[in-house]
Amino acid sequence: MVLLGDIFPNFSANTTEGEIDFHDWLGESWGILFSHPSDFTPVCTTELARVITLLPEFIKRNVKVIGLSCDTISSHSEWCKDIKSYAGCNDDKKFPFPIIEDKDRLLAAKLGMVDKDELDASGMPLTARAVFIIDPKKKFRLSILYPATTGRNFDEILRVLDSLQLTDKAKVATPVDWKMGDDCMVLPTVPEDSVDTIFPQGVTVVPLPSGKKYLRKTPCPNVL
Ligand code: BEZ
């Protein structure tokens, strides 16, 4: 099992854009690998169409996206036409990101993407809806796992990317329901006597019944 902070395992795969070596394909970019139970399924179709719509947002953040579904390349290629249609895309346009072929679910099993409670018609466990975020150093930075019956919220995935990229650059953490531009929390590891130097934009200490000064807010640092 891969843990957050580990180097994400490399693999070779056949995709709708040909054979890839995952790490080479990532290059210097961030990456999102998201898995699907199978082709020609309604929830998956809405998710992939949403990723097409949000692609400019991923590109803006230097993120490459790649899907995985447990069917063949020829099935993926047919399905891509439905996804483009659902997304309101011109059918002449190339499908804008690769989808990995994983017909035996070997890669899904290797990466811990299988949901043992959701079975296909032949009784085989379905691939769950995993979201894995990998950073430009190939470190595994985030994992979200949804059951097959719950579609993902890709706005949340963009929000998480913003948080990861911001907190890599500034000594802050992002609080509940944070969105880019909202106040952030000064990291608990920042000593009180360094706060003014590190956060010239100011810090507000929120008074709490414990009297402890740990809830320190600061305007969102402008570091991206
Ligand atoms: C879907 O994508 O619609 C789906 C796939 C597997 C199980 C349930 C829903």
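**Figure 1. Burial and overall make-up of the protein chain.** Of the 224 residues in this predicted model, 45% count as buried, where buried means under 20% relative accessible area, exposed means over 50%, and partly exposed lies in between (1.4 Å probe, protein chains only). Local features need pLDDT of at least 70, side-chain atom pairs count only at pLDDT 80 or more, and totals for chains, interfaces and linings use all residues. Residues are numbered from 1 along each chain as its sequence is written, and side-chain values use heavy atoms, with hydrogens and water left out. The chain has six helices and 13 strands; helices (H or I, at least four residues) and strands (E, at least two) are DSSP runs, numbered from the N terminus. Its C-alpha trace spans about 60 × 40 × 30 Å along the principal axes. Contacts here are heavy atoms within 4.5 Å, and among those with a separation of 6 or more, 63% join residues 24 or more positions apart.

**Figure 2. Surface and charges of the protein chain.** The accessible surface is about 11,700 Å², and carbon and sulfur atoms provide 54% of that surface; the areas come from the Shrake-Rupley method with a 1.4 Å probe, and for residues only the protein chains shown count as cover. The chain carries 26 positive and 32 negative charges, with mean positions 6 Å apart. Lys and Arg count as positive and Asp and Glu as negative, while His and the chain ends are not counted. Each charge is placed at NZ of Lys, CZ of Arg, CG of Asp or CD of Glu.

**Figure 3. The hairpin of strands E1 and E2.** Here you can see E1 (residues 12-15) and E2 (residues 18-21) paired in the antiparallel sense over four bridges, pairing being called when DSSP finds at least two bridges between two strands. Two residues lie between the strands of this hairpin. Look for Asn 14, whose bridge partner in E2 is Glu 19. E1 has a covered face with Ala 13 and Thr 15, while Ser 12 and Asn 14 are on its uncovered face.

Figure 4. Lys 94 and Glu 17 form a salt bridge, with their closest N and O atoms 3.3 Å apart; the term means a side-chain nitrogen of Lys or Arg within 4 Å of a carboxyl oxygen of Asp or Glu. The pair links distant parts of the chain, 77 residues apart: Glu 17 sits in the loop between E1 and E2, and Lys 94 in the loop between helix H3 (73-87) and strand E5 (99-101). Lys 94 is exposed, at 63% relative accessible area, whereas Glu 17 is partly exposed at 38%.

**Figure 5. Further salt bridges.** The whole structure holds 16 salt bridges. One of them joins Lys 103 to Glu 101, with the closest N and O atoms 4.0 Å apart; Lys 103 is partly exposed, at 46% relative accessible area. Another brings together Asp 117 and Lys 116 at 3.7 Å, N to O, and both of these residues are exposed. Glu 57, Lys 60, Arg 61 and Asp 162 are linked in a network.

**Figure 6. An open sheet of four strands.** Follow the order E10-E11-E13-E12 across this antiparallel sheet. Strands E10 (172-173) and E12 (204-205) stand at the edges with a single partner strand each, so one side of each has no neighbour in the sheet. E10 and E11 (residues 184-186) run antiparallel and are joined by two bridges, with Val 172 having Val 186 as its bridge partner in E11.
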